[in-house]
Amino acid sequence: MRKDIQLDIDKAYGFISKESVKGYANASAAAVKALYDGTGKGSDFLGWVNLPTETNDALLSEIEATATILRERCEVVVVVGIGGSYLGAKAVIDALSNSFAWIEKEPNTPTIVYAGQNIGEDYMFELQALLKNKKFGIISISKSGTTTEPALAFRLLKTQLEEQQGKAAAKDLIVAITDKARGALRTLAVQEGYKTYVIEDNVGGRFSVLTPVGLLPIAVAGFDIRELVAGAKRMQDITGVEIAFEENIAAQYAAVRNSLYNSGKKIEILVNFNPKLHYVNEWWKQLYGESEGKEHKGIFPAAVDFTTDLHSMGQWIQEGERTIFETVVSVENSDHEVLVPTSEADLDGLNYLAGKRIDQVNKMAELGTMLAHVDGGVPNLKISIPQLNAYYLGQLLYFFEKACGISGYLLGVNPFDQPGVEAYKKNMFALLEKPGYEEETKKIKARL
Ligand code: PA5
């Protein structure tokens with residue numbers, strides 16, 4: 001039996017009481033139950049809850065087969081998507097990749113790049129230049145099939161691919177992942193005859209990493225999606241409706257966050273001590289920010305990479321306004337061993353570390369930081385991952401999703417909608433004079 005991810009909340013006590021956390025036990029149990037029986041807010045979007053157990057071998061084999069085709073035919077695969085349509089894939093791929101894979105390519109593996117996650121003109125110019133005369137493929141991901149940023153990027157990349165390969169060959173290098181019936185991407189995919197995967201109606205974008213949205217790019221990058229799903233399945237089992245509050249780490253995390261929030265800790269900082277987790281931070285920020293930040297409520301999710309950011313944000317965290325708490329994602333064992341060498345002259349004064357592993361130094365930095373921040377008035381939670389591999393990433397992603405659903409219900413919001421995202425779109429369309437926005441255009445121009 002493999003170990004599981006652990007949650008340690010001891011360093012939150014002292015800021016909040018054990019009774020306060022226990023006080024959430026009944027509400028947490030009710031929230032978990034609501035996720036399973038669909039009686040809470042946003043219950044049309046609970047398809048992710050049982051997704052790991054419902055992901056069958058046939059789907060995984062099919063995704064692997066498509067991935068093999070793209071791996072054989074492409075030097076570069078562009079994942080086009082924004083928000084939940086790219087962050088999960090990037091989080092897992094970056095966490096599992098060699099840190100320098102962008103310089104020294106893995107053999108027989110396409111380089112994965114991303115587009116449609118911004119509207120940077122120079123970014124797009126440089127991407128087009130990179131892809132010039134390269135064999136590339138596109139995975140175009142948009143649940144709604146209408147989001148402007150990825151639609152724009154896809155139009156440009158599709159045009160380039162067709163120019164480079166010819167229309168007939170280009171069609172076989174494009175995969176679309178979108179709604180089963182609605183949206184422009186579905187229409188385009190049907191018309192052009194692309195290979196497609198469906199994002200089910202009941203799975204929201206930021207909860208879609210364990211659907212083809214995440215699984216296909218991760219498989220194309222050469223990582224084990226079966227292990228990822230197995231890890232998620234294990235976490236589904238150990239955070240289920242029949243698991244007692246004291247044993248359910250997702251319910252515990254949700255309870256502690258809400259208790260801290262209600263005690264005045266309005267900002268949660270997700271911390272890693274492993275640079276490979278940078279995009280797990282980004283994925284987590286979207287998950288919690290979009291799920292909880294509404295009705296003028298919600299913890300602000302921030303994130304840092306330590307020890308890097310100890311030399312920038314560390315000062316603020318140690319001594320700034322005391323409205324923060326930290327959640328440290330700690331990887332127990334690194335994959336490789338690097339020892340500090342002895343130096344005869346010891347001019348750098350580092351001989352006291354000679355013979356030690358770099359990870360031992362990192363772990364002392366981690367422990368020292370946690371203690372310093374607790375002393376400085378920052379409650380600390382710790383999530384321990386035995387190893388940074390696909391299985392434990394599956395556990396971690398599902399853990400955060402489950403806790404997010406519970407936490408949103410404890411806060412009293414609908415964690416599965418994102419009405420606030422529409423405001424900027426409305427203004428942008430009005431400013432761009434999109435057909436159908438004539439009234440808004442008039443109004444917004446009058447404000448300028
Ligand atoms: O969580 C969400 O639903 C959003 O962040 C979406 O993932 C994001 O807006 C992209 O939407 P779409 O996949 O429809 O292009």
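Angles under 35 degrees count as roughly parallel, over 145 as roughly antiparallel, 65 to 115 as roughly perpendicular, and the rest as oblique. The views below show a predicted model.

**View 1. Helix H11 crosses helix H16.** Helix H11 spans residues 225-238, and helix H16 spans residues 390-411. Their axes come within 6 Å and cross at roughly 45 degrees. H11 and H16 are therefore oblique to each other. The crossing of these two helices is right-handed.

**View 2. Residues in the contact of H11 with H16.** H11 supplies Glu227, Leu228, Ala230, Gly231, Ala232, Arg234, Met235 and Gln236. H16 supplies Ala390, Tyr391, Leu393, Gly394, Gln395, Tyr398, Phe399 and Lys402. By class, nine of the contact residues are nonpolar, four are polar and three are charged.

**View 3. Helix H10 packs with H11.** H10 covers residues 212-220. The angle between H10 and H11 is about 140 degrees, and their axes are 9 Å apart. This pair, H10 and H11, is therefore oblique as well. Leu215, Ile218 and Ala219 of H10 meet Ile225, Leu228 and Val229 of H11. Six nonpolar residues form this contact, with no polar and no charged ones.

**View 4. Domain 1 meets domain 2.** Domain 1 comprises 6-41 + 232-412, and domain 2 comprises 51-229. Their C-alpha centres lie 29 Å apart. Domain 1 brings 23 residues to the contact, and domain 2 brings 25 residues. The size of an interface is often given as the accessible area lost when the parts come together. Between domain 1 and domain 2, about 2100 Å² is buried. Carbon and sulfur atoms give 65% of that area.

Conventions: Residues numbered from 1 in each chain as written. Predicted model: local features only at pLDDT ≥ 70, side-chain atom pairs only at ≥ 80, totals over all residues. Heavy atoms only, no water. Axes fitted to C-alpha atoms, helices over the stretch in contact; angles between N-to-C directions. Helix = DSSP H or I, 4+ residues; strand = E, 2+ residues; numbered from the N terminus. Left-handed = near helix turned anticlockwise from the far one by under 90°. Contact = heavy atoms within 4.5 Å. Nonpolar A, V, L, I, M, F, W, Y, C, P; charged D, E, K, R; others polar. Domains from an automatic or database assignment. Buried area = accessible area lost by both parts, 1.4 Å probe.
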